[in-house]
Amino acid sequence: MTIKPLIILPDPLLRQLSKPIERVDADLQRLADDMLDTMYDAPGIGLAAIQIGVPRRMLVIDVSREGEEKQPQVFINPEIVKSSNERSVYEEGCLSIPDYYAEVERPAVVSVKYLDREGKEQLVEADGLLATCLQHEIDHLNGVLFIDHISRLKREMVIKKFTKAAKTKAL
């Protein structure tokens with residue numbers, strides 16, 4: 001298992017639409033393990049494949065608390081099939097936008113259809129942190145970042161800051 005480098009804003013890859021996964025095989029399971037290692041190393045609670053430069057519809061999540069046993073979850077071709085009218089607000093961050101956090105309002109409960117790491121179809125009804133995390137990571141698969149859910153002014157400031165940092169780093 002390998003820790004992969006993270007794609008950081010303003011990399012245009014983060015805006016790319018991820019392609020559906022055709023088949024669950026050993027290579028895909030290795031990718032899932034690499035993604036989990038990368039997520040834990042960062043450290044984070046969710047990671048979409050596009051964040052390590054792989055435009056495929058897969059994400060990993062572990063919302064277990066510090067001190068609890070790890071509960072890694074793999075979601076292949078996840079799709080939100082139902083979301084509640086009730087809303088919740090969480091302060092979100094992103095491994096691809098390091099050290100920036102903002103409150104984001106999303107549906108409080110979502111139902112997500114997906115394939116597990118064995119390729120079996122699953123349906124999960126999620127609320128709380130898991131619901132927020134699933135929506136955040138599924139957004140990544142669609143080229144959407146959590147900063148797209150905040151005001152235009154704040155979003156432009158964040159993008160400008162990361163663009164300047166990337167230019168400085170390139171020198």
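1. S18 counts as buried because its relative accessibility is 4%; buried denotes under 20% relative accessible area, exposed over 50%, and partly exposed the range in between, with a 1.4 Å probe and protein chains only. The residue sits in the segment before α1 (26-41). Beyond its neighbours within four places in sequence, S18 is in contact with I50, P55, R56, R57 and L141, contact being defined as heavy atoms within 4.5 Å.

2. On provenance, the model is predicted: local features need pLDDT of at least 70, side-chain atom pairs count only at pLDDT 80 or more, and totals for chains, interfaces and linings use all residues. Residues are numbered from 1 along each chain as its sequence is written, and side-chain values use heavy atoms, with hydrogens and water left out.

3. The chain contains three helices and seven strands, arranged from the N terminus as α-β-β-β-β-β-β-β-α-α. These elements are DSSP runs numbered from the N terminus, helices being H or I of at least four residues and strands E of at least two.

4. As to overall dimensions, the radius of gyration of the chain is 16 Å, which agrees with the value near 16 Å for a compact globule of 171 residues. This quantity is taken over C-alpha atoms, and the globule rule is 2.2 Å times the number of residues to the power 0.38. Along the principal axes, the C-alpha atoms fill a box of roughly 45 × 40 × 35 Å. Of the 171 residues, 41% are buried. Among contacts with a separation of 6 or more, 64% join residues 24 or more positions apart.

5. The largest nonpolar core has 16 residues, of which L59, I61, F75, V112, V124, A126 and L134 touch the most other members. Elements giving two or more residues to this core are β2 (58-61), β6 (109-115), β7 (121-127) and α2 (128-141); α2 provides the largest share, six residues. Apart from this core lies another, of 15 residues, including L28, M35, L36 and I76. A nonpolar core here is a set of buried Ala, Val, Leu, Ile, Met, Phe, Trp, Tyr and Cys residues joined through side-chain atoms within 4.5 Å.

6. For I61, the contacts, leaving aside neighbours within four places in sequence, are M39, I45, G46, Q71, P72, Q73, F75, L130, C133, L134 and E137.

7. Regarding the surface, the chain exposes about 9,700 Å², with carbon and sulfur atoms supplying 51% of this area; the Shrake-Rupley method with a 1.4 Å probe was used.
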